[in-house]
Amino acid sequence: MAAAKSNTNWFVIGVSAAVVVVLAVLAIVVVNLNNQATSPGATPKANDTFNSETGAVSFGDGEDEVSIFVDFQCPVCKNFEEQYGEALETAASEGRITLSYHPIAILDRYSQGTEFSSRSAGAAVCVAESNPDLYLDYAQTLFDNQPAENTSGLTTQQLADFATQVGADDAVSCITDETYRKFGKAQAQKNEVNGTPTVEVNGKRLDLQDAADFKTFTDLIS
């Protein structure tokens, strides 16, 4: 009976050890999957217009910086650009503000699994990296061709074709390779942006539904 008891104990110990090993392996797998999901992916090269650390594509040299975080899948962002885009660009070109656009991705869930928000933000980063002077034209083209929410969105080839359309040929291979597909989502998480458009003035995040904040914004571009 003592021998049988001893064998049983070793069996239990062996099973317990095997369970611990399996759980450890599963934990490593989960950590790796989480790291892959939150990884910023490849790091783009900075230039005089594009800051690869902050994700800002900047125009103008005004004392006040107006930062706009946009998702190209976002209908409200499109409406915002239609209403204020020209005034923002004029204020930047006249040196009244420094205008910084941040292409981000928070709406992948509205493109039937194709991650259009991430792909379009990544495409915009490709243009900002290689043809920064054409970023505004490219961004406008993306808004002009914005797909409806809950559709599969535009294909990566269409995103590349739009780059060719505006003259940003140097960005085409970067777009088709989806080099910066993860960058927009990583920037959204880094800057804690959960809704778009998000507007900041000199680093202060505004609530455009608040009358005082809205006046702060419009006074800078009027």
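How many cavities of 30 Å³ or more does a search of the whole structure find? The search finds 2, a cavity being a set of points, on a 1 Å grid over the protein atoms alone, where a 1.4 Å probe fits but cannot get out.

## Basis of the values

This is a predicted model, in which local features need pLDDT of at least 70 and side-chain atom pairs count only at pLDDT 80 or more, while totals for chains, interfaces and linings use all residues. Residues are numbered from 1 along each chain as its sequence is written, and side-chain values use heavy atoms, with hydrogens and water left out.

## The largest cavity

The largest cavity has a volume of about 90 Å³, where volume is the space filled by probe spheres set on the points, with grid points joined across faces, edges and corners. Its lining (residues with an atom within 4 Å of a point) consists of V70, F72, E81, E89, Y101, Y135, L136, A139, Q140 and F143. The elements that give two or more residues to this lining are α2 (75–93) and α4 (135–144), helices being DSSP runs of H or I with at least four residues, numbered from the N terminus. The largest share, 5 residues, comes from α4.

By residue class, this lining divides into 7 nonpolar, 1 polar and 2 charged, where Ala, Val, Leu, Ile, Met, Phe, Trp, Tyr, Cys and Pro count as nonpolar, Asp, Glu, Lys and Arg as charged, and the others, Gly among them, as polar.

## The second largest cavity

The second largest cavity, with a volume of about 60 Å³, is lined by residues including R119, G122, C126, T156, C174 and R181. Two or more lining residues come from each of α3 (116–130), α5 (156–166) and α6 (172–176), and α3 provides the largest share, 4 residues. The lining of this second largest cavity divides into 6 nonpolar, 3 polar and 3 charged residues.

Terms used: On a 1 Å grid over the protein atoms alone, a cavity is a set of points where a 1.4 Å probe fits but cannot get out, and a pocket is an open set with protein on both sides within 12 Å along at least five of seven lines; lining residues have an atom within 4 Å of a point.
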